[in-house]
Amino acid sequence: MIRTEEMLLNVGPQHPSTHGVFRLVIKIDGEIIKEATPVIGYLHRGTEKLAEDLQYTQIIPYTDRMDYLAAMTNNYVLCHAVETMAGIIAPDRAEYLRVIAMELGRIASHLVWWGTYLLDIGATSPFLYAFREREMIINMLNELSGARLTFNYMRVGGVKWDAPEGWIQKVHDFVPYMREQLEGYHQLVTGNEIFMSRVKGIGSYTKEDAINYSLSGANLRCTGVKWDLRKNEPYSIYDRFDFDIPVRQDGDAWARYHCRLEEIEESLKILEQAVEQFPQDGPILAKVPKIIKPPKGESFVRIESPRGEIGCYIASNGKKEPYRLKFRRPSFYNLQILPKLLKGENMANLITILGAIDIVLGEVDG
Amino acid sequence: MIQELLQSSPGLLNLGIFSLLAVLLLFVVLGFVTYGILSERKVMGFMQMRIGPNQVGGRWALLQTVADVLKLLIKEDTIPKVADRPLYIIAPVIAFAPAFMVLAALPFTDKFQFADMGIGLLYYIAVSGITTVGIVTAGWASNNKYALLGGMRAAAQMISYEIPLVMSVVGIVLLTGSLNLNEIVEAQKNIWYIVLQPVAFIVFLIASVAELNRVPFDLPEAESELVAGYHVEYSGFRWAMFMLSEYVYMFAMASLTTILFLGGWHPLPFLGFIPAAVWFALKFSLVIYLLIWIRVTFPRLRADQLMEFGWKVLLPVALANIFVTALLKELFSMF
C-alpha cells in the first residue's frame, strides 16, 4: 500500500499569479487542494485610520492607492459621499468629465484583468495586446490629470482640471478603435479550445451563494443577477445614458470572462454618448468652501467600480476631518468565496479561479 | 566521407578528424542555440508588438545571448542546504547529455552525418527519453515542493507523449521499410511524407511540442502555477544547462521533423541548384518559426486535460494512422 501524505504549500506572497502580495496556505494531496486559507494584509496601509486625521480633500490621494487599477472610481466614491453629506452638487461639465474618466478607468481595469488572466492561464500575447490599449487610456488620463495611475483628479464638488484641448476628440476616436481591438481579442482568445476547456465550468457557484457571500460586480452578474448600481441606483449622470448590463447564467469563470468583456463594450457605449452630450463650456468645480465641514451625522454611498460595489461610509462630527471613514472594498468581499471554491480543485484551477475573481491587493488590504 | 572513416581502421588521424567534426557540430549547435534564442525573442517581439532585444551587439542585438550566457557563467552557484547534493549536481548533466547525443544520428545533408545507424530513429527516441530522468531527478533533489510538482508533471507528460510520438512515425517506417534516417530521407525524393502522412505529421507535431515542454504543454515549468517548476532552485550555469538542453532539443526536434516529414535536404522541384544544406536550413527554420508561433498563440493546458488528450486523442489517432497506412500499403503492393 502506498502511503500518501498531505503537503502544506505556501502560494505567495511572492508567487507570480497572486497579483500582488496575496498569500494562500493550501493543503494539497498530490495536486488536489484539500484546504485553502487566504492570508491577507501584506499591503495594509491603514487608509481608514489615516483618513481620520486628514481633511476631506487630503483623503482623495489615499483612495487612489486602494484599487490602483481603477483609481477614478475610488476618487469618485469619496467625493460623492462628501457631496451627499454637504449637499454640494457638481456642475454638469464636471460630471461628464468624471463619467468619462471613470468609464475609461473601467475599460483599463478590465483590460488589465483580461491580459493578466490570460497570462495566468499561460498565454503571453494577450497581455501585451491588452496593455497596448490600456496604455492609450492611461495616456489620455495622464493628459487629463497629470498622473498615470494615482490620478488624484476629482475634488469635492467637481474635478481639478478641465479637459485639455482636443482631448474629447481623442476619447471619441478611441471608441471605434477599441471596438475593433475587442473583435480581435475575441478572435484570438474567446474561441480558443484550450482556453474554453480551462475556464468552462471552473469555479462555479450559484446565485444564492453569490448573494450570501456578498459578491458584487461581474462576480455577481455571472450568476444571472442583473444588478449594477449604475442602472439600479443611478448616481452621477448615469441615468442619461443608454446601456445594458451584461449578465450570464452559469456562474463559472467563463461567464465572468464574458461579463467583463461585454462590460467593456457597454462602457464604450457610455463613452460614445458622453462625448456627444459633453457640454461646450461651463465650470468644472462647484462653489465649495476651502475647508469642507460636512454637517454632523453619517452617510453611506455606494457606486459600481469595475470590481463591484464600492461603498464609502462617513461619520462626521462637524469637524474638517471625518470622525470615522470606512470603505466597502469590493475585492475584499469578493475574495471571501475563494476557500469554498478551491476545495477539491487542482493547482492549475487555483490560478484560474483566483484570477477570475479579479482582486486588487491594494483594495483587499485597504 | 564519414562512412569511409568509420569503416577504416582506427588511428590517430581518424580520431583527430572525428573530434574536429564533433567540435564543428558543437559550434553549429551552440551557434544555433545562441541565435535560436535571439530569433525566438525577436519573433515573439514582432508578434507581440514589442521591439525585443536591441541593445547588446548592434541593432539586431547579435550579442545578446552571448551576454546572457556570460552573465549566467559568473553567477553564484547556489545549492540549497536541504537538497540531495550529489543528485542535485548530476541532474542537469543527465538532462543535458542526451540532448547532444541525439544529434549524432541526424543526417543534416547527404554528406554531413555522424552515425549512419540502421536504427537511427529508434536511437533518437530512446536517447531523448533519458532527459526525463534528469528532470525528475532535478525536481526531487531540489527538495522544493514546487520543483517536486514540476518534476512529477514532467515525468507524466513526457512518458505519455513519447508514445504517440513513436506511434506517429511508425507509419513512415512502414512506408520506407527502414528505421535508418538516411533511407527515410532518400525515400522522400519524389514526394514528402507530409503529403503521404498528414495525420501522422499533425500528431507528431503536437507530441513533439509536448516533448519539448513548450507552450501549450509547458506544464512542468508552468510559470504562473509552479513558478518555474523543476528548475526553481537552480541558478547560474546549472540552470543554463537545463535551458541549453531545452534549446538543443528544439534544434534536434526541428531537424527530425524536417527529416521525417519535409524531405530533409531534398530541394523543391526545379530548384535543385540550391545546395542541400540551404534547403535543410530553410525547412528547419520554418519548423522553428512554427514552434515560436505556437508558443505565442496558445494558452496552457491543464495537467489532467493534457493526459486525456495524449491518451484518448493522440494515441488512438496515431494507431488508426498505422492501421490505415499498413492497409493501403498492402493494397497498393497487390496491384
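Q: How are the axes and the angle defined when two helices of this predicted model are said to pack?
A: Axes are lines fitted to C-alpha atoms over the stretch in contact, and the angle, from 0 to 180 degrees, is taken between N-to-C directions. In this predicted model, helix α3 (residues 64–73) of chain B and helix α12 (residues 236–261) of chain B pack at about 135°, with axes 7 Å apart.

Q: What makes the contact of α3(B) with α12(B), and how do its residues divide by class?
A: On the side of α3(B) stand Val69(B), Leu72(B) and Leu73(B), while α12(B) brings Gly236(B), Phe237(B), Trp239(B) and Ala240(B). The division is 6 nonpolar, 1 polar and no charged, and Gly counts as polar under the classes used.

Q: Why is α4(A) called roughly antiparallel to α14(A)?
A: Helix α4 (residues 92–121) of chain A and helix α14 (residues 347–357) of chain A pack at about 175°, with axes 9 Å apart. Angles over 145 degrees count as roughly antiparallel, so α4(A) is roughly antiparallel to α14(A). Trp113(A), Tyr117(A), Asp120(A) and Ile121(A) of α4(A) meet Ile351(A), Thr352(A), Gly355(A) and Ala356(A) of α14(A), a contact with 5 nonpolar, 2 polar and 1 charged residues.

Q: What sets the phi of Ser236(A) apart, and where is Ser236(A) found?
A: Ser236(A) is not a glycine, although its phi is positive at about 50°, and Ser236(A) lies in the loop between α10 (229–232) and α11 (253–277) of chain A.

Q: What is the phi of Asn143(B)?
A: Phi of Asn143(B) is near 55°, a positive value in a residue other than glycine; Asn143(B) is placed in the loop between α6 (130–141) and α7 (145–176) of chain B.

How values were computed
Residues are numbered from 1 along each chain as its sequence is written. Chains are lettered from A and ligands numbered from 1 in the order in which they are written. This is a predicted model: local features need pLDDT of at least 70, side-chain atom pairs count only at pLDDT 80 or more; totals for chains, interfaces and linings use all residues. Side-chain values use heavy atoms; hydrogens and water are left out. Helices (H or I, at least four residues) and strands (E, at least two) are DSSP runs, numbered from the N terminus. Angles under 35 degrees count as roughly parallel, over 145 as roughly antiparallel, 65 to 115 as roughly perpendicular and the rest as oblique. Contact means heavy atoms within 4.5 Å.
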